[in-house]
Amino acid sequence: MTYAPAERPPHPEAVHIAARVSAPSSLYASWRHRNWGALKGRADLVRTWRITYRAHDGLSRDALVVLPRWYGPKHDPAIPLVISPHGRGATPTENARFWGNLPALGRFAVVNPEGQGARLALYSWGSPGQISDLARMPEIVRRALPWLRIAPDAVYAVGGSMGGQETLLLVAEHPHLLAGAISFDAPTNMAARYSAFPELKWGLTLQRLARLEFGGIPRTRGDLYADRSPIYFAREIARSNVPLEIWWSRDDRVVVDQARESGLLYHAIKRLKPSAPVVEYVGWWQHTAEMRSFRRLPLALAAMGLLDFASPSAGVPV
């Protein structure tokens, strides 16, 4: 198979993020004020369930399922499920912290899988086996927690950094699974990332881990790096018709030059299919800083329909 990256688009203009979200800014401000204590973790509105699953290679892995505290076998309305793959080197526990009390404020479940690449666990980098495991998460959660009812056609994917990369690959390879997806500061070209690793702290170690996980370097195993690079799946993402939000920062010091990563992917999708339901959010923040319950993650979820800023019953059972 021959891989050809999309040509670089013109440098995109900055986007005022709040203006791009469907909810009026005043409505969001009021909601944020009412729920500030919950957003900052001063209340405990969620409960976490640890489950295990068999990864694609037969190894046992953990996943954390975060649910509204009121949800359980005796009170189990059908709710959406969010699949949230973690970032490079992060744990399910660290990823679950990003969500805080949002599952209760929005009445949905979040599953945070440990993951497993071809050889590494926390550095899966979009391994085909990992993407297959992510696609199985709804069934894994149903079997582990049979009293949890997932609403029909209400499975989403949300991830940052490597988790954003895997979210994009999930959209490309399993489009019928998802009602929507959100990526924050995702790398989209893994060969470019390998070359950029030395600019980061512990960069040579990251290159060594990448050689182990990918089975070589980009010059000799370019096909394997392309297989895990969302930019090479722009056509599949464009044709998926999955509502997608792509968030990226001009101030990213981890996935450097995001205009050539997430920004390039967005423009490639729109060039291939102008009507694709894909929205780009551009701003200035540190790497994945906005994927936090007290930052702009609520705005992203509201635009996807997972939060309702006008709801008077946020965070309580219905």
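Begin by selecting R142, which is partly exposed, with a relative accessible area of 36%; the classes are buried (under 20% relative accessible area), exposed (over 50%) and partly exposed in between, using a 1.4 Å probe and protein chains only. The model is predicted: local features need pLDDT of at least 70, side-chain atom pairs count only at pLDDT 80 or more, and totals for chains, interfaces and linings use all residues. Residues are numbered from 1 along each chain as its sequence is written, and side-chain values use heavy atoms, with hydrogens and water left out.

E139 is partly exposed, at 37% relative accessible area, and its side chain meets that of R142 in a salt bridge (3.9 Å, N to O). A salt bridge here is a side-chain nitrogen of Lys or Arg within 4 Å of a carboxyl oxygen of Asp or Glu. E139 and R142 are three residues apart in helix α7 (residues 137-144), so about one helical turn separates them. Helices (H or I, at least four residues) are DSSP runs, numbered from the N terminus. Now include R143: E139, R142 and R143 are linked in a network of salt bridges.

Move on to D251 and R253. Their closest N and O atoms lie 3.1 Å apart in a salt bridge. D251 is partly exposed at 27%, whereas R253 is exposed at 58%.

Finally, select E290 and R295, whose side chains form a salt bridge of 2.7 Å, N to O. Is E290 buried or exposed? E290 counts as buried, at 3% relative accessibility, while R295 is partly exposed at 34%.

The structure holds ten salt bridges, including those visited here between E139 and R142, D251 and R253, and E290 and R295.

Note on methods: Helix = DSSP H or I, 4+ residues; strand = E, 2+ residues; numbered from the N terminus.
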